[in-house]
Amino acid sequence: MSTLHIDSITKSFGEKKILQDIYLGCKTGEIVGILGRNGSGKSTLFKIIFGIMKGETQHIKFNDILLKNQSDHKNRISYLPQFSFLPKNVKIKKLIGLFCNKENSAKLLYSELLQPFINEIPGQLSGGELRVLEVLLIIYSKAEFILLDEPFHSLSPKVVSEIKNIIKEQSQNKGFLISDHQYLDVLDVSESIYLLSDSHLKPIKDLTELKRYNYLPKNI
């Protein structure tokens with residue numbers, strides 16, 4: 001079992017404090033959901049954990065290894081951003097081999113979700129098809145910890161359900177941090193939930209607390 005330890009993350013943009021003394025832990029075998037309104041800092045938090053953005057303060061460890069540089073994160077943490085990140089003209093079959101080991105490459109090559117466009121290139125895919133491809137490449141990548149930022153965006157309910165099942169299956173050997181505005185899907189797939197609000201990360205036990213912190217309307 002591996003552990004991702006996140007501590008003392010602080011980040012500001014100008015005079016606006018986005019993250020203040022953020023602490024978070026995740027172990028392989030765990031799925032952690034992070035909710036928050038637009039602009040609350042969820043993507044910023046993920047970028048700092050992944051190593052492509054620096055906080056004013058931060059302390060991120062993989063087991064006993066302090067992650068300082070982008071190279072330290074390789075094969076330890078994978079990150080699904082909200083924006084498309086794949087090259088448009090590389091065959092999907094080749095991309096699978098770049099992201100995944102042999103065992104997981106075989107799973108994706110025969111995945112029902114990818115079969116309809118497995119011989120195409122990302123530039124030929126619709127927005128929903130491209131998102132499915134990106135989500136699966138990150139989930140099945142070589143990393144032990146997976147950060148998913150809006151993985152369910154633009155996907156049909158049926159595909160979302162299949163993706164959630166895959167996340168649960170892969171969480172037997174990996175740790176997941178998931179953020180999405182489809183909060184019911186995040187609640188469904190996650191074992192623990194946090195709300196990022198007013199620059200702080202608050203542990204959430206149930207919907208009542210989400211209402212108390214004004215993430216959800218009181219009448220839901």
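In which handedness of crossing does α2 pass α4? The crossing is right-handed, meaning that the near helix is turned clockwise from the far one by less than a right angle.

## About the model

This is a predicted model, in which local features need pLDDT of at least 70, side-chain atom pairs count only at pLDDT 80 or more, and totals for chains, interfaces and linings use all residues. Residues are numbered from 1 along each chain as its sequence is written, and side-chain values use heavy atoms, without hydrogens and water.

## Helices α2 and α4

The axes of α2 (residues 92-99) and α4 (residues 127-139) come within 9 Å and cross at roughly 25 degrees. That makes α2 roughly parallel to α4 (angles under 35 degrees count as such). In contact (heavy atoms within 4.5 Å) are Ile92, Leu95, Ile96 and Phe99 of α2 with Leu133, Leu137 and Ile138 of α4.

## Aromatic pairs

The whole structure holds five aromatic pairs, counted where ring centres of Phe, Tyr or Trp (its six-membered ring) lie within 6.5 Å. Phe46 and Tyr79 are edge-to-face (planes over 60 degrees apart), because their centres are 6.5 Å apart and their planes stand at 85 degrees. Phe46 belongs to helix α1 (residues 42-50) and Tyr79 to strand β6 (residues 77-80), so the pair ties together parts 33 residues apart in sequence. Both Phe46 and Tyr79 are buried (under 20% relative accessible area, with a 1.4 Å probe and protein chains only).

Tyr183 and Tyr215 also pair edge-to-face, at 6.2 Å centre to centre and 85 degrees between the planes. Tyr183 is buried, with a relative accessible area of 18%, and Tyr215 is buried at 12%. Elsewhere, ring pairs link Phe46, Phe50 and Tyr79 into a cluster.

Notes: Axes fitted to C-alpha atoms, helices over the stretch in contact; angles between N-to-C directions. Helix = DSSP H or I, 4+ residues; strand = E, 2+ residues; numbered from the N terminus. Parallel < 35°, antiparallel > 145°, perpendicular 65-115°, else oblique. Phe/Tyr/Trp six-rings, centres within 6.5 Å; stacked < 30°, edge-to-face > 60°. Buried < 20%, exposed > 50% of the residue type's maximum accessible area, 1.4 Å probe, protein only.
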